Amino acid sequence: MKESQHCTDLKHRSRSGGAILATPQDTMNSVVHPSEPGDSPLGSAGGSNSHATVNTLHAVEHIRHMRGGSQSHLMRCSDGNYYVVKFQNNPQHCRILVNELLGTRLAALMGLPTTAVAIIEVTEDLISLTPDLHVEKPWTGIRYRIPCEPGLQFGSRYPGDPHQLTLFNFLPDKQVLSMRNLRDFVGMLVFDLWTCNTDPRQVIFGRQEVGTPYQGWMIDQGFCFNGREWNFPEKPRRNLYDRKVVYEQVQGIKSFEPWLTILESELEMRLLWAIGKTIPPEWYESDSESLHGLLAELDSRRSKVRGLLWSARKSFPHFFPNWTEENETEGDNNYASRNSKDVTFSRSDQLDDCSRPN
């Protein structure tokens, strides 16, 4: 089989940009690893303020452009780590930064394998010294280069040293099934249905040594909450990962634990609002009313996800070949009959080709 497609290519690292000296900053948390089944990732932190903080770092060097519609950039930052940075004036709207920060932190609170996030300050001096720090926007059929906007940007930490760790965005089914954290695809479906992620689920794969199982990280939450729209059209075909093999492990609604219980019981409005307070106002154009409405809708949707899972199974049974009624208790089947009718999916949803660029 052909070698897996690279998600990064360090041979094309840009060296045309300038660099500025780093300033001391707190070290970011390491990559979030999956919780053991039955454990709450909130733990004692659920009653603390640990969820209400986010580090602010300084970008010190531009490495290269990244792929995708948001036109992000890989940058070295003041804590010595590398971050994929999305700018306020990206072509998809500044709200994409809100979605990334809020969505990634919520996924981490559910115990899902995300990468650490930070608010990255990019100075005007660094941008002026680095011609590659630009975005392209169309106007009357022509694409114009516009310098990236200085100020506070969103950063997602690269899970390792990009000079030593190669990441992939595709693996053959055999390697996917042998992943260290295969179960997390099931938990991520809970998250994507809750947040109405209208972009295909993005995953990167990496490993430290040849011959060891791959680890997957769930990245790119920019189109949670339907991107810039901040509404919740139910399009479950977009929430399902295209590699159906990851759902062969689902045998019933209990396969979605502990993520369902964490969502329904622990991610209360106070946690949502605490994270919301860490988001720079310029990312949502200081429209606090819309942000509060988004958080309130997220809170109310926590009780709907169980029904959405049943409906997804009913509409797309070929994704869940081992989820059968025989594997459910009588109570589960009674719940399904009451709630799977609450959401109906159109034929256009089922034929959705999941083609939006990230």
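User: Leaving aside neighbours within four places in sequence, what is Leu 309 in contact with?

Analyst: Leu 309 is in contact with Leu 189, Val 190, Leu 193, Ile 253, Phe 256, Leu 260 and Trp 323. Contact here means heavy atoms within 4.5 Å. This is a predicted model, in which local features need pLDDT of at least 70 and side-chain atom pairs count only at pLDDT 80 or more, while totals for chains, interfaces and linings use all residues. Numbering runs from 1 along each chain as its sequence is written, and side-chain values use heavy atoms, with hydrogens and water left out.

User: OK. Which residues touch the most other members of the largest nonpolar core?

Analyst: Met 110, Trp 194, Phe 256 and Leu 309 do, in a core of 65 residues. A nonpolar core is a set of buried Ala, Val, Leu, Ile, Met, Phe, Trp, Tyr and Cys residues joined through side-chain atoms within 4.5 Å. Buried means under 20% relative accessible area, exposed means over 50%, and partly exposed is in between, with a 1.4 Å probe and protein chains only.

User: Which elements give two or more residues to this core?

Analyst: They are helix 1 (95–109), strand 4 (117–122), helix 4 (184–195), strand 8 (202–206), helix 6, helix 7 (269–276), helix 8 (288–301) and helix 9. Helix 4 gives the most, with 8 residues. Helices (H or I, at least four residues) and strands (E, at least two) are DSSP runs, numbered from the N terminus.

User: And what lies apart from it?

Analyst: Another core, of 15 residues, which has Tyr 83, Ile 120, Leu 133 and Val 135 among them. In soluble globular proteins, nonpolar side chains tend to be buried together.

User: Back to helix 9. How many of its residues are buried?

Analyst: 10 of its 11 residues are buried, so the helix is mostly covered.

User: What does the side chain of Arg 306 meet?

Analyst: Arg 306 meets Glu 257 in a salt bridge, at 3.8 Å from N to O. Because Arg 306 is in helix 9 (residues 305–315) and Glu 257 is in the loop between helix 5 (236–239) and helix 6 (259–265), the pair ties together parts that are 49 residues apart in sequence. Arg 306 has a relative accessible area of 17% and is buried, whereas Glu 257, at 23%, counts as partly exposed. The rule for a salt bridge is a side-chain nitrogen of Lys or Arg within 4 Å of a carboxyl oxygen of Asp or Glu.

User: What is the peptide bond from Glu 257 to Pro 258, cis or trans?

Analyst: That bond is cis, with omega near 10°. Pro 258 sits in the loop between helix 5 and helix 6.

User: How many salt bridges does the rule give?

Analyst: The count comes to 14. One of the pairs is Arg 201 with Asp 192, at 2.7 Å from N to O, and both of these residues are buried. Arg 302 and Asp 299 also pair, at 3.1 Å. Lys 86, Glu 100 and Asp 220 are linked in a network of salt bridges.

User: New topic, backbone. Which phi value does Cys 196 have?

Analyst: Phi of Cys 196 is positive, about 55°, although the residue is not a glycine. Cys 196 is in the loop between helix 4 and strand 8 and is buried, at 3% relative accessible area. Ser 286 also has a positive phi, near 55°. Ser 286 lies in the loop between helix 7 and helix 8, and at 53% relative accessibility it counts as exposed.

User: Last one. Where does pLDDT stay under 50?

Analyst: Over residues 1–38, for which the model has 99 contacts beyond four places in sequence, and over residues 43–49, with 5 such contacts. pLDDT is the predictor's confidence in each residue, from 0 to 100. The mean for the protein chain is 83, and 76% of its residues reach 70 or more.
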